[in-house]
Amino acid sequence: MADRTLPIEGSLDLTPPRERENTWLDTLHEWVVTVDHKKLGLMYMMMAIFFLLVGGAEVLCIRIQLAWPNNHFLSPQVFNRFFTMHGTTMVFLVGIPLVFAFGNYIIPLQIGARDMAFPRLNAFSFWMTLFGGLLLYYSFIGGGGLYGLGNAPDTTWWAYAPLTARAFSPGHAMDYWALALIVTGFGTLGGAINVIATAISMRCKGMTLMRMPLFTWLLLVDSGLLLITITPLTAAQIMLVIDRYLGAHFFDTQAGGSATIWMHFFWIFGHPEVYVLVFPAFGIASEVIPVFSRKAIFGYPAMVAAGVGIAFVSMGVWAHHMFTIGMTSVSNAFFVLSTGLVGVPTGIKIFNWLATMWGGKIRFRTPMLFCTAFLFQFLLAGLTGIMLSVAPWNWQLHGSYFVIAHFHYILVGAIVFNTFAGIYYWFPKATGRMMSETLGEWHFWLFFIGFHMTFDTMHFLGFEGMPRWIYTYPADRGWANLNLVVSIGGLIQGVAVLVFAYNLISSLSKGKIAGNDPWDAWTLEWSTPSPPPPYNFATDPVVQSRRPLWDLKHPEDPDWKYEQ
Amino acid sequence: MSATTLVPNAVTLPEQPWNLPSRGRVAMYCLIIGESAIFTIFVVAYIYYIGRSLTGPTPKDVLDVPIFNTICLFSSSVTIWLAERAIDRNLVRTFGLWWAATIALGLVFITGTGIEWHRLIYQDGLTIRTNLFGTTFYSLVGLHATHVVVGLSMLLLVLIFTLTGHVRHEHSERIQVLALYWHFVDAVWVVVFTVVYILGR
């Protein structure tokens, strides 16, 4: 397959690049000053994987602490800091960078552009995100205050008022938290603007909106959602900083301020954020499933419409995080119904992916394994979501391990699984080498088993009444065995991620040479060499259908004859 | 799979024009949408806290409606529009004049805000920590004033380029993108003015 020629013959500059003195300082300099969307995409990816390991290490400590009753592995204070940092890290320093890692690398290649619309803004956004992350972690060193030397935010990742006020959170840990999120927020805003401008204004000739690959479509919708999602968080953080530094009273209940309004502001951001994080996973599924089922995606227009629909509905569901604060019945009913409504477009997506696989010639390579698991896990996560969206049920289980199980089913079962799928799928494009299939299967099965041990079991812990945020529990509650299973599952996932990390690093030098198009795929990125040259396309491609490479490979039966 | 040589598809559809929106404009509209969300949160907080301060002073006691400032700011939208039109017609000198007028009007506005704040702080004793009114008032009006200052800095930069002869007709597009931001800052003032000086009093 590797010997396929490029779609436009003679279009590439095949002279070898100028030999550089490749000292490590040159290489480092090249990466620091780069504005190339591919390098920035890889840097976002490296950042995400690095913080995934950090956040994962934190949660493993938490799971060791909870494995036995009355355990003393972590002190209560450190436990609080670790689950706060775990949540903040995974959302802002793993999830968001992953959106832009894939977005940056793939979108320009998929739409036949030479770079993002604003390369320098792109670099700026990346460095803002990275330094925001470093600022957050600096709080371990610099966050000292009344607590002593090292300190870190310990107020959970949604940081409810008035716990965040100076009186209750002395020292600078909360300040680092708020400032870090403002800084990464600007990076995110810049990235989102860039993706939208790229997808709208940089498409190659013939790439109408209804011919855009679904991955690009979903990232476009995702970035639109980010514009109105990350900014309310920035606004709320500015208010928090004003409260803490200037003595204002936004969230100061002593002066008539409201703690509830922080909850509203936070979840207006926080709920759509979940969709923001899951959209790239949808996009990856929409690329991987057709290619590995050897069929065009089923119901392309419905997939686009469902994506836009999810984005719209997700803006009106935030208070389902707040059923227990005592809202009016009308508000409760509204948020129950609006949350249920999200199930409709999401269901359309699941059915369309299944219909794509139906009757296809499925090849279960590693990316497809992860995507298949994603389908089931995402469905289950949606079902527990519907359960939790029903206010009376929510009153029973709010703040229990059932909730943790539910949202980790999305965040790990859908997002992390498909992130792995995406990495296995596009690794050959980015590096020119295949990742090891054997290690990939080991990684998949270990992660799959560990995932289900951990998060399936957590549902039952929730039913048995185990609350979140407790650092330990007495032996007579009957939670001990299940907690041990959860913790062992967590460790298995940790081992799986190490297998993945080893696979990633060893495949860089030892992997099979991939060629341009190892999966026999159909979107434009597979028409470039692997890895693509800095300019991507020597001449601007022209497309006539949603699957330009199919048209090239099958001139007797091109897609554009059938598409409207 | 066979290694047949693939050539670009020879069957080409009739040549269609391929025009995409300008990326600068798209990006500015996106920025405006994002900024609107930030302002929405501050406006919601302001409206939510109207009349909830536990101590005085209240808006009724201390706020005067800044009619003159408001007229100046709204006029600056007109002058910047005239400037845009001038550069579009390649009248660089006229452009410079209207552009300078815009900056002058913006400066009048921001000075007016400064005078108002000075009076509120030193005569009426209202600071950001006095009560909820002070908190929300200085934050919302201050957020808008920050945007005015950022806008003025960018306008000033373009004025310097104009005076040194670097602005030409081909920059018309970029100037219009920048002007979009200024129009947005003005439009936000409509909301802030209504909420703070009319509803809030």
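How far does helix α5 of chain A reach from its first C-alpha to its last? Hold that for a moment. What you see above is a predicted model.

Now the answer. Helix α5 covers residues 173–201 of chain A, 29 residues in all. The reach is 42 Å, close to the 42 Å expected at 1.5 Å a residue. And the surroundings? α5(A) is mostly covered, with 26 of its 29 residues buried.

Step back to the whole chain. Chain A has 16 helices and zero strands. Its radius of gyration is 24 Å, close to the 24 Å from the globule rule for 564 residues, so chain A is as compact as a globular protein of that length. Along the principal axes, the C-alpha trace spans about 70 × 55 × 45 Å. Of the 564 residues, 54% count as buried.

Next, contacts. Take those in chain A with a separation of 6 or more. Residues 24 or more positions apart account for 82% of them.

Where is A:Asn71 found? Look at the loop between α2 (37–67) and α3 (76–110) of chain A. Is A:Asn71 buried or partly exposed? A:Asn71 has 14 C-beta neighbours inside 10 Å, so it counts as partly exposed. Buried would take 20 or more.

Which residues does A:Asn71 contact, leaving aside neighbours within four places in sequence? A:Gln65 and A:Thr472. A:Pro474 also belongs in this picture. In sequence, A:Asn71 and A:Pro474 are 403 residues apart. In space, C-alpha to C-alpha, the two are 9.5 Å apart.

Notes: Residues are numbered from 1 along each chain as its sequence is written. Chains are lettered from A and ligands numbered from 1 in the order in which they are written. This is a predicted model: local features need pLDDT of at least 70, side-chain atom pairs count only at pLDDT 80 or more; totals for chains, interfaces and linings use all residues. Helices (H or I, at least four residues) and strands (E, at least two) are DSSP runs, numbered from the N terminus. The radius of gyration is taken over C-alpha atoms; the globule rule is 2.2 Å times the number of residues to the power 0.38. A residue is buried if 20 or more other C-beta atoms lie within 10 Å of its own, exposed if 12 or fewer, and partly exposed in between; C-beta atoms are placed from the backbone. Two residues are in contact if their C-beta atoms, placed from the backbone, lie within 7 Å. The expected span of a helix is 1.5 Å times one less than its number of residues.
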